[in-house]
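Please have the sequence and the 3D view open while reading.

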Amino acid sequence: HAAQFNEYLMNDYEEMYRKLYQWSQHPNRDVKQAGYAALESFLKQIADMLVTRQESGDNKADIAVFKFFICEFRSIIDTTEAGTREMSIAVRGYGFFAAPCKMFLSE
């Protein structure tokens, strides 16, 4: 259902990411699983939106979005306190952002 909210996801990407990430770390197992699934869908949708918008020529604000997520993934990988779940989020995030990486980093 994330595709139905594309515009809103892109407008509030930072706040949405932080809240979904927080839910994916929740002590309650059910909330954690739902948060992780929602975070995964969110990251996929943001990556798809970045590709779509780049192809249509809209990219000034998108570069900031791209940089935010790449920095977040990198900070998770660089920290020594990251657990398996956090590391999984960062690695999968890089995977979802492969196409945007190719587009933005080749410029």
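## Two rings on one helix

Phe69 and Phe73 are four residues apart in helix α4, so about one helical turn separates them. Helices here are DSSP runs of H or I with at least four residues, numbered from the N terminus. The ring centres of Phe69 and Phe73 lie 6.2 Å apart and their planes are at 35°, so the pair is tilted. Rings of Phe, Tyr and Trp (its six-membered ring) pair if their centres lie within 6.5 Å; planes under 30 degrees apart count as stacked, over 60 as edge-to-face, and the rest as tilted.

Phe69 is buried, with a relative accessible area of 0%, and Phe73 also counts as buried at 0%. Buried means under 20% relative accessible area, exposed over 50%, and partly exposed in between (1.4 Å probe, protein chains only).

## About the model

This is a predicted model, in which local features need pLDDT of at least 70 and side-chain atom pairs count only at pLDDT 80 or more, while totals for chains, interfaces and linings use all residues. Residues are numbered from 1 along each chain as its sequence is written, and side-chain values use heavy atoms, with hydrogens and water left out.

Asp62 is buried at 2% relative accessible area. Leaving aside neighbours within four places in sequence, Asp62 is in contact (heavy atoms within 4.5 Å) with Met10, Leu50, Arg53, Gln54 and Phe104.

## The core

The largest nonpolar core has 27 residues, and those with the most contacts inside it include Ile46 and Phe69. Such a core is a set of buried Ala, Val, Leu, Ile, Met, Phe, Trp, Tyr and Cys residues joined through side-chain atoms within 4.5 Å. Helix α3 gives the most to this core, with eight residues.

## Other aromatic pairs

The structure holds twelve aromatic pairs. The rings of Tyr17 and Phe68 have centres 5.8 Å apart and planes at 85°, so this pair is edge-to-face. Tyr17 in α2 and Phe68 in α4 are 51 residues apart, and both are buried.
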